[in-house]
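User: I have a model open and would like to go through a few of its local features. Shall we begin?

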Amino acid sequence: PKQSIVSRGRILHAYCRHGALGVFSVYSRYWVTSVGLGAENVRLRKQLENLVLTRGLPFIAGGDFNFTPGEFQAGLEPRRFGADLLFDPAVPTCHISDARRALDYFVASRTLAKALLS
């Protein structure tokens with residue numbers, strides 16, 4: 001499968017093929033730290049959305065978003081492009097002082113989310 005660097009140091013894309021699931025896109029991403037939904041992270045989030053919509057394939061995107069799932073949903077409704085957030089709210093991934101939050105999680109198209117959760 002072909003892979004490409006979409007945004008150096010921030011978004012990597014690869015096409016994957018699985019017997020039962022067919023061809024789908026996989027994105028690894030790392031958003032800018034300590035800025036929350038700052039301009040650069042909003043730009044990266046919109047870039048990911050555009051890639052998903054343009055490629056038109058089932059997808060999974062995982063990594064360190066550096067903002068919470070709730071913050072992600074506030075600015076980009078994943079369901080709008082047929083996706084669900086995959087994370088366990090009871091398991092924080094960031095442990096800085098007393099702030100325990102989930103910042104590392106997955107966004108997946110419903111078809112892949114359903115397969116992953118079954």
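User: Where is the place of Val35?
Analyst: This is a predicted model. In it, Val35 sits in the loop between β3 and α1, the latter spanning 39-55.

User: How far apart are Val35 and Phe67, in sequence and in space?
Analyst: Val35 and Phe67 are separated by 32 residues in sequence. In space, their C-alpha atoms are 8.6 Å apart.

User: Changing topic, which strand holds Arg29?
Analyst: Arg29 belongs to strand β3, which runs over residues 22-30.

User: What is the nearest side chain of opposite charge to Arg29?
Analyst: That is Asp64, at a distance of 6.4 Å. Arg29 is buried and has no salt bridge.

User: Which backbone oxygen does the Arg29 side chain reach at 3.2 Å?
Analyst: The backbone oxygen of Gly63 is reached at that distance.

User: On to pockets: how much space lies in the largest pocket?
Analyst: The largest pocket holds about 180 Å³ of space.

User: Which residues lie nearest its centre?
Analyst: Of the 14 residues lining the largest pocket, Thr33, Ser34, Asn66, Arg101 and Leu103 lie nearest its centre.

User: And what is the lining by class?
Analyst: The lining of the largest pocket comprises five nonpolar, five polar and four charged residues.

Note on methods: Residues are numbered from 1 along each chain as its sequence is written. This is a predicted model: local features need pLDDT of at least 70, side-chain atom pairs count only at pLDDT 80 or more; totals for chains, interfaces and linings use all residues. Side-chain values use heavy atoms; hydrogens and water are left out. On a 1 Å grid over the protein atoms alone, a cavity is a set of points where a 1.4 Å probe fits but cannot get out, and a pocket is an open set with protein on both sides within 12 Å along at least five of seven lines; lining residues have an atom within 4 Å of a point. Grid points are joined across faces, edges and corners, and a volume is the space filled by probe spheres set on the points. Ala, Val, Leu, Ile, Met, Phe, Trp, Tyr, Cys and Pro count as nonpolar, Asp, Glu, Lys and Arg as charged, and the others, Gly among them, as polar. Helices (H or I, at least four residues) and strands (E, at least two) are DSSP runs, numbered from the N terminus. Buried means under 20% relative accessible area, exposed over 50%, partly exposed in between (1.4 Å probe, protein chains only). Lys and Arg count as positive and Asp and Glu as negative; His and the chain ends are not counted. A salt bridge is a side-chain nitrogen of Lys or Arg within 4 Å of a carboxyl oxygen of Asp or Glu. A polar contact is a pair of N or O atoms within 3.5 Å; within protein, one must be able to donate a hydrogen and the other to accept it, and residues adjacent in sequence count only if both atoms are side-chain atoms.
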